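Q: Could you walk me through this one? I'd like to start with the salt bridges and then move on to other things.

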Amino acid sequence: MGRGTSVAGGFGAMLREQRRRAGLTQEGLAELAGVSAHAISMLEAGRRRPRLSSVTRLAVALGLDAAAQGRLLSAAEGTTEGPTGGAADTPAAATTEPPGRARGASRCQLPADTRLFTGRAEEIDRLLALAREAPAGSDAGMVVISAIDGMGGVGKSALAVHAAHRMRGSFPDGQLFVDLHGHTPGLAALAAEDALDWFLRSLGVPPQLIPRDLGERAAFYRDRLAGTRTLIVLDNAVSTAQVRPLLPGTPGCLVIVTSRKRLTGLDDAHTLALDTLAPAEAAALLHRVAGPGRVPDGHPAVAELAALCGHVPLAVRISAARLRHRRALRIEDLVDELRDEHGRLDRLRDEGRNLAAVFDTSYAALPEAEQHLFRRLGLVPGPDFDAFAAAHLAGADHRTAERLLESLLDHNLLTQHVPGRYRFHDLVGLYARTLGHADGAEEAERAAALERLLDHYRYTAGEADRHLAHHGRPGPPRPAATPAGAPALPDRDRALAWMRSERDNLLAAVAVAGPRHLVDLSAALAAFLQQEGPWHQAAALHRTAAATARELGDRSGEAGALADLGRVRHALGEFQAACGLYERALAVHQELGDRSGEAGALEELGRVRYVLGELQVAAGLHERALAGYQELGDRLGQAGSLWSIGRVRHATGDYPAAADLLERALEIHQDLGDRHGEANTLWDLSRVRHATGDYAAAGSLQEQALTIMRQLGNRHGEANALWNLGRVRLTTGDAAAAAAALERALEIYLDLGKRDGEAYALKDLGRVRHATGDHAAAADLLGRALDIFRKVGQRYGAANATHDLGRVRHATGDHAAAADLFAQALAFFREVGDRQGEAEVLTSTAALAADTAGAPGAPALYRQALDLARAAHSPLDEARALEGTAHCAARAGDHAAALAALRPAVALYRRLGAAEAPAATARLRALEDGADRS
């Protein structure tokens, strides 16, 4: 039997069954369909091959649904109409299509793959995995869909086509492709009806049999693909509505959709958000497109060129193509051209490709409100923004701004690197900044939008500063919040988090701000930058603010900026410069009659004088500040002054007075809930406890200070606490813990650029190395510390480092150098009246004298040290002086005197838990054994 006869017979049986189900006679069907009753009789008998046009009329007359129409049409296929439309006279060869395949021959409509495809290994693997899942369908038994989205030019189509070619073998029934023209310049998006028409024709359906209704056309399409393994690539889609009618209805097929817009309506789709290329992949693509040998391997300009192209494949290809076809063009020349932001987009085009045009089509697809916000976001001076900033730019409420940002995110014109914060890709941001310069009205609106944004930054930074600053600020009140609102910053944690998120934006805003905004932003950033650094950047900001305020005639603003700059200079170890700035600020406050500002300047000036070793001057300044704060009723200011006076008393060895002052300051800070002041006071109180030998209390207080500083996110305070904790651990003999704490403190000081902190950490690490016998390392560390102390004018630190270096020289046998170093340190401590420091150096000097031949003066030096240590209430120094006295007595053969000195020394060491206790105890036992034997 010929194929035509078998098809005609099968069709006739199906037609007869459908007519009977419809309850029609042949004559009734003929009347409804416009086909003669004789023709219907011949068709049902299998004696005539049907025309497809007749089949369509019969299917409609029978009232068949789309699926049944498809089956009837399928039964009629395989016959051909002659040139005039009549039935063919010659039967076709006897063949049948394999079951489960799309009707008609297998076909591949995929565009050509490119040999230059580079990278995307992870994305390819994900798509190939989906191809393996396709036969069984998704977990819900649905057709497997992959939706690839990403910005224009990022390579979505190239990825889809490349992956489709890799998986062709998994889809033997065909690979269909259609460009939906979602963002094609000059072309409207392809309607779903037209895409279905294309696919049905591709599947062998004659045009006259394709239903006109979209629903029927989609049902016909799904029926044709049912039971097949077909790959469908829907490229450049504009919306879910455009895509949904083009999806198969049953598992077996795989659909790959590409779109610049995130198709959130495709609930069952596996989404693949395509990002720009990794730097190495972008460089590899540049080499491949430019051609062999065109760009030397390892050329330093390659990474910069790829970065200037934003690692966007289209931009990289355009640039590489210029190198390929313009042999005289060097990569350095191309980099120089693209460094110019104003002309970069114009240069990223060639004969058939234009990155700006790609962005144009993305922008044109936006609703008007999104277009307006997109243009305004181009004004953001910093790297990112949140919905509050967007609301101020757009002149909209916060919720509207959130909705518009999400829409821009879905259109892949923004990225979201962390929840709630958005940014442009570099080239998209550059494109946004090119928009909106068409007329004067637009320029005026842009200026107003930028002013609203700066007002928002100024107001919110000021609110954050209220939680971060530890001093009052003179000047006019801050502006009221704008109608678009501001984020709630109810506590220090929220304020600090906001400042950290907005840091780069605020600093960038200063660069574009007018004079008034600049002064206010500098003031609002001062406490945050003081805590976080980098201080060189803060110094530049405050210096500019001071000059600007002076030009504005804003004396209070000038004084505030001078004080802010003074605090930074202090932190940087530039103490003389800090003094000059505080003195200038003090003069302005006095001129204005600003008692609060005057007290603050006196307090800051006293702290610098303290560091410079001018202890009596510092004490006088702090006492004047305290009197001013008491007169004003400013308890926080009083606490700060009490703390500062307590530090001076500690430095002069008056430990009881220091402890009393610090405890009073601590009580006020805790009563006011000022955790930063509490931590600072705990820090200094720990130092007093350490000096008086209460090492357990010193360690506990320092741990409390460290915990608070970490909770506050105060890295400077954290480093200080770690440094002091390291000193306590060294005193109690835990060299490993001491080194760990000091090394971490050093890391933070280096990161912050705090030179005196760096020097102190180096000095005490040198003491750790000396204690463990590594004298060479100790000398190096102490030498570095001493050099920094001298450069920054930190006399106290220099004296301590000089003493410690003398101890190392003593240990290595360089007695002359040791003696000279001890003499220098002793002169300083005597000058400033530091009895504890003097006692410590005298003890070291006595030990050196005891080890020097013909130097009988050691016992007298130990006696001087002992008297000073007792006067300074320093039990550790007392124990060391006693132990030295015992050593001298033992060498002189006076065992009774040695025992009389060593026994109380050991008792003190043990009570203190000092590192010297075990060795001193062993010497005591040896002396006692010798006395017993004698």
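A: Happy to, with the caution that this is a predicted model. The count of salt bridges in it comes to 62.

Q: Ok, what does R516 pair with?
A: R516 forms a salt bridge with D554, and their closest N and O atoms are 2.8 Å apart. Because R516 lies in helix α23 and D554 in the loop between α24 and α25, the pair ties together parts that are 38 residues apart in sequence.

Q: And is D554 buried or exposed?
A: D554 is buried, with a relative accessible area of 11%, while R516 is partly exposed at 30%.

Q: Which residue does R727 meet in a salt bridge?
A: The side chain of R727 meets that of D764, at 3.8 Å from N to O. This pair links distant parts of the chain, with R727 in helix α33 and D764 in helix α35, 37 residues apart. Both R727 and D764 are buried, and they belong to a network of salt bridges that also links K763, R767, D804 and R807.

Q: Switching to pockets, how much space lies in the second largest pocket?
A: About 1100 Å³ lies in the second largest pocket, which is lined by 37 residues, with R807 among those nearest its centre.

Q: Which helix gives the largest share of that lining?
A: Helix α41 does, with eight residues; the lining as a whole divides into 17 nonpolar, ten polar and ten charged residues.

Terms used
Residues numbered from 1 in each chain as written. Predicted model: local features only at pLDDT ≥ 70, side-chain atom pairs only at ≥ 80, totals over all residues. Heavy atoms only, no water. 1 Å grid on protein atoms, 1.4 Å probe; cavity = no way out; pocket = protein on both sides within 12 Å on 5 of 7 lines; lining within 4 Å. Points joined across faces, edges and corners; volume = space filled by probe spheres on them. Helix = DSSP H or I, 4+ residues; strand = E, 2+ residues; numbered from the N terminus. Nonpolar A, V, L, I, M, F, W, Y, C, P; charged D, E, K, R; others polar. Salt bridge = Lys/Arg side-chain N within 4 Å of Asp/Glu carboxyl O. Buried < 20%, exposed > 50% of the residue type's maximum accessible area, 1.4 Å probe, protein only.
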